[in-house]
Amino acid sequence: YEMQRSLVGSEMCIRDRCIIQTYKTKQHNKLYRNKHRKGETAMKKYECEPCGYIYDPAVGDPDAGIDPETAFEDIPDDWTCPICGLGKDVFVPVED
């Protein structure tokens with residue numbers, strides 16, 4: 001079964017929309033399972049050594065466009081501390 005690419009929005013039949021939504025849901029669930037496998041530790045918090053700012057992946061950095069649930073490793077390399085403006089290289093993992 002191949003969908004016609006020219007059909008979009010309200011022109012798509014309900015069956016096509018259901019197929020697309022089912023695919024997206026399965027992909028999301030697969031990514032979620034991979035991220036949260038049993039036995040893996042939660043995403044770590046990181047502290048800016050010079051100023052003490054804590055990057056919490058559960059919160060992200062919305063002012064800089066970093067969404068919640070973004071691991072520190074996935075933040076762009078040019079991101080800077082929102083308090084002191086220093087780069088990622090001055091951050092250290094916070095031990096729980």
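These legends describe close-up views of a predicted model. Local features need pLDDT of at least 70 and side-chain atom pairs count only at pLDDT 80 or more, while totals for chains, interfaces and linings use all residues. Residues are numbered from 1 along each chain as its sequence is written, and side-chain values use heavy atoms, without hydrogens or water.

**View A. An open antiparallel sheet of 3 strands.** The strand order is β2-β1-β3. Strands are DSSP runs of E, at least two residues, and helices are runs of H or I, at least four, both numbered from the N terminus. Two strands pair if DSSP finds at least two bridges between them. β2 (54-55) and β3 (91-93) are the edge strands. β1 (residues 46-48) pairs with β3 over 3 bridges. Glu47 stands opposite Val92 in β3.

**View B. The largest nonpolar core.** This core has 11 residues, including Tyr46, Tyr55, Phe72 and Trp79. A nonpolar core joins buried Ala, Val, Leu, Ile, Met, Phe, Trp, Tyr and Cys residues through side-chain atoms within 4.5 Å. Buried means under 20% relative accessible area, exposed over 50%, partly exposed in between (1.4 Å probe, protein chains only). Beyond four places in sequence, Tyr55 contacts (heavy atoms within 4.5 Å) residues including Ile66, Ile75 and Phe91.

**View C. The salt bridge between Asp56 and Lys45**. A salt bridge puts a side-chain nitrogen of Lys or Arg within 4 Å of a carboxyl oxygen of Asp or Glu. The closest N and O atoms of Asp56 and Lys45 are 4.0 Å apart. Asp56 lies in the loop between β2 and β3, Lys45 in the loop between α1 (14-35) and β1. Lys45 is partly exposed, at 37% relative accessibility.

**View D. The salt bridge between Asp77 and Lys88**. Their closest N and O atoms are 3.8 Å apart. Both residues lie in the loop between β2 and β3, so the pair ties together parts 11 residues apart in sequence. Asp77 is exposed at 71% relative accessibility, whereas Lys88 is buried at 14%.
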